[in-house]
Amino acid sequence: MTLSRMGQGTWNMGEHAADKAAEVRALQLGMDLGMTVIDTAEMYADGGAEKVVGEAIAGRRSEAYLVSKVLPQNASRKGVVAACEKSLKRMKVDHIDLYLLHWRGSVPLAETLEGLVALKKAGKIHEYGVSNFDLADMKEAAALPGGDAIEANQVLYNLRRRGIEWDLLPWCEERGVLLMAYSPLEAERAEQARLLAEPALQAVATRHQASAAQIALAWLLRRDGVMPIPKAVTEAHVRANAAAMTIRLEQEDLAVLDKAFAPPRRATPLDML
């Protein structure tokens with residue numbers, strides 16, 4: 001399956017029964033509009049988000065590219081297999097397209113990779129990867145058995161959080177490791193408001209007759225190896241996100257944004273939420 005340029009996030013979905021129908025509709029509309037990658041995790045609403053995803057893709061499994069994540073405390077050789085089985089059951093599917101270790105914990109990476117390799121051999125997952133891994137983590141994992149098959153690293157990346165551009169992003173791009181950008185518009189409402197109110201971002205948005213949020217997403221989409229995964233639960237929001245895939249930023253736009261949101265000048269610790 002060819003991956004969509006942008007995916008759909010599900011963080012905070014599945015937490016309230018009254019919101020479920022709207023969340024399902026949002027994911028289905030996103031798929032209709034070409035955002036067929038759906039990202040979730042066993043952690044989100046204690047599995048509730050995976051249940052929402054399962055309902056959204058019912059009868060449409062072949063159209064969706066499913067990404068889910070295993071918690072570090074469940075990432076032992078046997079634990080990762082058991083966690084995956086539970087995720088499959090919640091989503092009512094027979095395989096996950098991309099299965100990620102949510103972040104590093106106390107379980108040795110070699111043991112987690114053994115479990116991921118076993119799941120892939122069994123057909124329970126098609127590919128595997130990691131999340132919240134910095135460059136040192138990636139190099140350590142790549143040197144282990146099965147580490148050379150890591151397909152993706154999901155990290156916090158947006159206009160305000162550009163630290164990965166110094167070393168992690170180039171390393172991933174060189175090796176063909178997909179960089180999935182979570183919270184591409186920030187996670188907290190106040191932080192998001194500050195980002196979208198930035199005059200430079202507003203100016204570029206005006207030039208393209210778009211919203212500031214669409215420009216922030218288009219800025220991420222400009223790189224082939226980066227996939228933003230914004231979350232949306234209203235029709236208008238989903239449509240606006242999808243429309244960002246049609247925006248092409250010019251060098252002039254990028255220069256304006258670089259001036260307002262400076263790229264890193266040195267290696268910095270990985271941002272995480």
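**Close-up views of a predicted model**

**View 1. The buried residues of helix H6.** In helix H6, which spans residues 168-175, the residues Leu168, Leu169, Trp171 and Cys172 are buried. Seen down the axis of H6, these buried residues fall within an arc of 160 degrees, so they line one face of the helix. The structure shown here and in every other view is a predicted model. Just after H6 comes Gly176, which takes a positive phi of about 70 degrees.

**View 2. Gln8 and its surroundings.** Gln8 is found in strand S1, and with a relative accessibility of 5% it counts as buried, because buried means under 20%. Which backbone oxygen does the side chain of Gln8 reach at 2.9 Å? That oxygen belongs to Met35, while the backbone oxygen of Leu27 lies 3.2 Å from a polar atom of the side chain of Gln8. When neighbours within four places in sequence are left aside, the residues in contact with Gln8 include Ala26, Gly30, Met31, Val37, Ile38, Asp39, Ile229 and Pro230, as well as Leu27 and Met35.

**View 3. The largest cavity.** The count of cavities of 30 Å³ or more comes to 2 in this model, and the largest of them has a volume of about 60 Å³. Gln8 is one of the residues that line the largest cavity, and others among them are Gly7, Gly9, Met13, Leu27, Met35, Pro230, Ala232, Val238 and Asn241. Sorted by class, the lining of the largest cavity holds 6 nonpolar and 4 polar residues, and no charged residues.

**View 4. The second largest cavity.** The second largest cavity holds about 40 Å³ of space, and its lining is made up of Leu101, Leu109, Thr112, Leu113, Leu116, Gly129, Val130 and Ala141. The elements that give two or more residues to this lining are helix H4 (109-121) and strand S5 (125-131). Which element gives the most to the lining of the second largest cavity? It is H4, with 4 residues. By class, the lining of the second largest cavity has 6 nonpolar and 2 polar residues, and no charged residues.

**View 5. The largest pocket.** About 730 Å³ of space lies in the largest pocket, which is lined by 31 residues. Of these lining residues, Trp11, Asn12, Ser183, Ala187 and Lys231 lie nearest the centre of the pocket. Helix H7 (189-196) and helix H10 each supply at least two residues of the lining. How many residues of each class does the lining of the largest pocket contain? The lining divides into 13 nonpolar, 12 polar and 6 charged residues.

**View 6. The second largest pocket.** The second largest pocket contains about 150 Å³ of space, and 13 residues line it, of which Asp134, Asp167, Thr268, Pro269 and Leu270 are the closest to its centre. By class, the lining of the second largest pocket has 7 nonpolar, 2 polar and 4 charged residues.

Terms used:
Residues numbered from 1 in each chain as written. Predicted model: local features only at pLDDT ≥ 70, side-chain atom pairs only at ≥ 80, totals over all residues. Heavy atoms only, no water. 1 Å grid on protein atoms, 1.4 Å probe; cavity = no way out; pocket = protein on both sides within 12 Å on 5 of 7 lines; lining within 4 Å. Points joined across faces, edges and corners; volume = space filled by probe spheres on them. Nonpolar A, V, L, I, M, F, W, Y, C, P; charged D, E, K, R; others polar. Buried < 20%, exposed > 50% of the residue type's maximum accessible area, 1.4 Å probe, protein only. Arc of directions from axis to C-beta. Polar contact = N/O pair within 3.5 Å; in protein donor to acceptor, adjacent residues only side chain to side chain. Contact = heavy atoms within 4.5 Å.
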